[in-house]
Amino acid sequence: FVGSTVCQSDHFTYKKVYQRGSSFAINGNPVDRIHFCEAMLIHKAKGCVLGDSFRDLCYLLGGRRFLEEKHVKDSENNEAESENRHVKVSLAASGFLLFCCAICCPCFHKERKANSHEVLPKESNSVHQVSSFEMSPSSDKIPPSPFRAPPSPSRVPQSPSRYAMSPRPSRMGPLSLTMSQIQTATNNFSDDNQIGEGGFGIVYKGILDDRQVVAIKRAKKEHFENLRKEFKSEVDLLSKIGHRNLVKLLGYVDKGDERLIITEYVRNGTLRDHLDGTRGSTLSFNQRLEIVIDVCHGLTYLHSYAERQIIHRDIKSSNILLTDSMRAKVADFGFARGGPSDSNQTHILTQVKGTVGYLDPEYMRTYQLTAKSDVYSFGILLVEILTGRRPVEAKKPHDERITVRWAFDKYNEGKVLELVDPKARERVDEKILKKMFSLAFQCAAPTRKERPDMEAVGKQLWAIRSTYLRRSMEQK
Ligand SMILES: Nc1ncnc2c1ncn2[C@@H]1O[C@H](COP(=O)(O)OP(=O)(O)OP(=O)(O)O)[C@@H](O)[C@H]1O
């Protein structure tokens, strides 16, 4: 069987040979099924109508099923194996490489306008409820949130002992709480105490005996087994870090059928809430600047100053919590993992995890994770905070759906003022805006070598901020 379709300027073909499997090609270049379906998904988001055979082939586009054939294993401990696999993955992806660069690179896009493709999203319908996911090799279980699939313990080798489950109930951090104290603190996990829900489970507000207010994340029981690694990862990494721009771990419970993570309570909602205006007032430019500087400081600490480098992997506006004084704290370390442990290693080869719209396209393509993947997400976040738009806006016209690309086009047309969040309260100097967008595009460059590290980003942000403050003083 040979299937063929043309979407925009791309020609998709696949062949199914009896008892010999299938082969896939885009514009004549062989690619694997994952990349084939990802590319189809991008075109689908742009309005290309797929025939039944293509829909079946990439069954559940926008869901996870078509990702099941990805056989990439976590390989922190097996460098030789991972390098081999890397070669295989790279070879499989080579035909797709040019195509992918063209769609993911805002810089590339300028030259290729006539022949352009959508940037990234695998799940463009995710936009208004962007949620984390991981590209897991196999998972028939229903993911806890639409795009967050549970890991697959059967195929993914358990990572080193730092992720291994302790059979004993364990607590750490300054708090040592019993289950009954937690039940009292949360009114027996009452709905009134519920403050949010994510892929891991429900988050409750708890008030301890000494009136201290805490946030308690309770793993969903139905995904218990699958969330083990995420739980351990979050607890383990959070316990090793301490920075004012990172949510503090206070304790955890790992007993019987309960997995709870207790962190400091950050009471002023998420950055996304503030961008949406659901918290009343809207953010001033200075507040936006200070928030991104805080996030940048948190990430700089994780990447360069923590005991061991930590890559967050899920930087997004709903994971940035704000205090009453509008200082930002990075939360949700469920997908975080240690960076390369040895200085000869440039990257780690691992499953793709993160949130649609914020995911580094190079990591998606090669499975090579470095701290620069966080830099990419930070670039997307920067565009989001300046424009107020989510990374993917499915309800906008086609050419505005991928916010970073829309912004890049406008920027190149010299229309930077049109990019500013209409909810922003003040008019900001165009030169300052240009510097901010330019920095965002550097961070969201298609390959990691083009992106600055977080420390360099911080320096640029400080310089922008001092220019902004100077100009504001001059205007008074
Ligand atoms: N420490 C905290 N203080 C105050 N509110 C919190 C805290 N942690 C989480 N929340 C609230 O709970 C919500 C859910 O958080 P959680 O980290 O579980 O999921 P998420 O990041 O929104 O989604 P996903 O898990 O799919 O990435 C957050 O959006 C936030 O509103």
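1. Helix H11 meets helix H12 through Val404, Ala407, Phe408 and Tyr411, which touch Lys434, Phe437, Ser438 and Phe441 of H12. Contact means heavy atoms within 4.5 Å. By class, this contact has 6 nonpolar, 1 polar and 1 charged residues. Ala, Val, Leu, Ile, Met, Phe, Trp, Tyr, Cys and Pro count as nonpolar, Asp, Glu, Lys and Arg as charged, and the others, Gly among them, as polar.

2. A note on the basis. This is a predicted model, in which local features need pLDDT of at least 70 and side-chain atom pairs count only at pLDDT 80 or more, while totals for chains, interfaces and linings use all residues. Residues are numbered from 1 along each chain as its sequence is written, and side-chain values use heavy atoms, with hydrogens and water left out.

3. The axes of H11 (residues 403–412) and H12 (residues 430–443) come within 11 Å and cross at roughly 135 degrees. H11 is therefore oblique to H12. Helices (H or I, at least four residues) and strands (E, at least two) are DSSP runs, numbered from the N terminus. Axes are lines fitted to C-alpha atoms, for helices over the stretch in contact, and angles run from 0 to 180 degrees between N-to-C directions. Angles under 35 degrees count as roughly parallel, over 145 as roughly antiparallel, 65 to 115 as roughly perpendicular and the rest as oblique.

4. H8 (residues 285–305) and H10 (residues 372–387) have axes that come within 11 Å and cross at roughly 170 degrees. That makes H8 roughly antiparallel to H10. From H8, the contact residues include Phe285, Ile291 and Val295; among those in H10 are Phe378 and Leu381. The contact divides into 11 nonpolar, 1 polar and 2 charged residues.

5. The largest nonpolar core has 67 residues, of which Ile241, Phe285, Ile291, Val295, Phe378, Met436 and Leu461 touch the most other members. Its largest share, 10 residues, comes from H8. A core is a set of buried Ala, Val, Leu, Ile, Met, Phe, Trp, Tyr and Cys residues joined through side-chain atoms within 4.5 Å. Buried means under 20% relative accessible area, exposed over 50%, partly exposed in between (1.4 Å probe, protein chains only).

6. Two loop residues deserve a look. Asparagine 187 has a positive phi near 55 degrees and sits in the loop between H5 and E6. Asparagine 187 is exposed, at 54% relative accessible area. Aspartate 332 has a positive phi of about 60 degrees, in the loop between E13 and E14. Aspartate 332 counts as buried, at 14%.
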